[in-house]
Amino acid sequence: MSSYRKVAELILKLKGELFLSPRERWFLKRLEESAYPWQLVEEGIKRFYAKLPPERRKKTPAFFALAEIERLRKKAIKNSAGKEDNWRERFKSLLEKLGEFIEVPKVEPKDKMSAEEILADLESKLYKHLWENLPEEEKKALLKKYAQFKQDKTALSFMIKGELRKKFGLGVFSLFVEEK
C-alpha cells in the first residue's frame, strides 16, 4: 500500500468519513510533491485530530493539520542537523539553482541549520518573485482554483507554491529532503 493511500485511510478513520474531499486530496498530493516525509505527515495528522473534540473532527479538513506537520518537520530538521554529510556541496548546488531565478547573496553558513534557514528564506523570496511576475490572468486562475482554501492563508500559500513548483519545474530547496 502506498504512503499516500495509508495517510488517506488514516484521515478517513480519524474523521469517521467515507471519502476525502477534493481539497484534502489536493493537499496530500502537494505534500507528496513537496517531498514531506510520510511518517511526519501521519504523526502531524494524528496529533492534530487528537487535539480536536470528537464532534468537530468530521467537519475539520485535514489541511488544517499543516501547522502541526510543519512543527514536526522543523523538529526533525533540528534533530538531524548534527549529522555530518556533504551538506556544503549540496547547499552550493541549491544556491546555484536558486540563482537561475533570483539574485542570491554570497553566504557562508557556519552549520547545517543556518544553511537550511538561508535556503528557506531564499525559497520564500523565489516564490514571491515568481508570483509577482506571473501574468494577472494566471494569478486569478490559481486563486479561483484554490478558492476553497482562502480561509486558511497558510494552506492557500502552500497550494500555490506547489503549482508554481510544477509550472517552473522546481525541486525542493532543502538539505534535509533527498530529491527523487
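These legends walk you through several close-up views of a predicted model.

**View 1**
Welcome to the core, a set of 46 residues. The members that touch the most others are Phe27, Leu28, Leu31, Val41, Ile45 and Ile69. Leaving out residues up to four places away in sequence, Phe27 touches Ala62, Phe63, Leu66, Ile69, Phe158 and Met159.

**View 2. Ala65 in the loop between two helices.**
Here you can find Ala65 in the loop that runs between helix H4 (54-57) and helix H5 (66-80). Is Ala65 buried or exposed? Ala65 has a relative accessible area of 0%, and because buried means under 20%, Ala65 counts as buried. When residues up to four places away in sequence are not counted, Ala65 touches Gly44, Ile45 and Phe48. Follow the chain for 11 residues and you come to Ala76, whose C-alpha atom is separated from that of Ala65 by 17 Å.

**View 3. Helix H9 from end to end.**
Helix H9 covers residues 153-168, which makes 16 residues. Look along H9 for its buried residues: Ala155, Leu156, Phe158, Met159, Ile160, Gly162, Glu163, Leu164 and Arg165. After H9 comes Gly169, which has a positive phi, near 65°.

**View 4. Glu163, a buried residue of helix H9.**
Staying with helix H9, this view picks out Glu163. The relative accessible area of Glu163 is 12%, so this residue is buried, the limit being under 20%. Which residues is Glu163 in contact with, leaving aside its neighbours within four places in sequence? They are Arg30, Leu142, Lys145 and Tyr146.

**View 5. The largest pocket and its lining.**
This pocket has a volume of about 660 Å³. Among its 24 lining residues, Tyr36, Glu70, Arg73, Ala120 and Glu123 are the closest to the centre. H5, H7 and H9 each provide at least two residues of the lining, and the largest share, seven residues, comes from H7. By kind, the lining of the largest pocket divides into nine nonpolar, six polar and nine charged residues.

**View 6. The second largest pocket, with H7 and H9 in its lining.**
The volume of the second largest pocket is about 240 Å³. Its lining is made up of Ser124, Tyr127, Lys128, Trp131, Glu132, Leu143, Lys153, Leu156, Ser157, Ile160, Lys161 and Leu164. The elements giving two or more residues to this lining are H7 and H9. Which element gives the largest share? That is H9, with six residues. The lining of the second largest pocket divides into six nonpolar, two polar and four charged residues.

**View 7. Ser93 in helix H6.**
Our last stop is Ser93, found in helix H6. Ser93 has a relative accessible area of 32%, so this residue is partly exposed. Val41 is 52 residues from Ser93 in sequence, and the two are 27 Å apart in space, C-alpha to C-alpha.

Key:
Residues are numbered from 1 along each chain as its sequence is written. This is a predicted model: local features need pLDDT of at least 70, side-chain atom pairs count only at pLDDT 80 or more; totals for chains, interfaces and linings use all residues. Side-chain values use heavy atoms; hydrogens and water are left out. Helices (H or I, at least four residues) and strands (E, at least two) are DSSP runs, numbered from the N terminus. Buried means under 20% relative accessible area, exposed over 50%, partly exposed in between (1.4 Å probe, protein chains only). Contact means heavy atoms within 4.5 Å. The expected span of a helix is 1.5 Å times one less than its number of residues. A nonpolar core is a set of buried Ala, Val, Leu, Ile, Met, Phe, Trp, Tyr and Cys residues joined through side-chain atoms within 4.5 Å. On a 1 Å grid over the protein atoms alone, a cavity is a set of points where a 1.4 Å probe fits but cannot get out, and a pocket is an open set with protein on both sides within 12 Å along at least five of seven lines; lining residues have an atom within 4 Å of a point. Grid points are joined across faces, edges and corners, and a volume is the space filled by probe spheres set on the points. Ala, Val, Leu, Ile, Met, Phe, Trp, Tyr, Cys and Pro count as nonpolar, Asp, Glu, Lys and Arg as charged, and the others, Gly among them, as polar.
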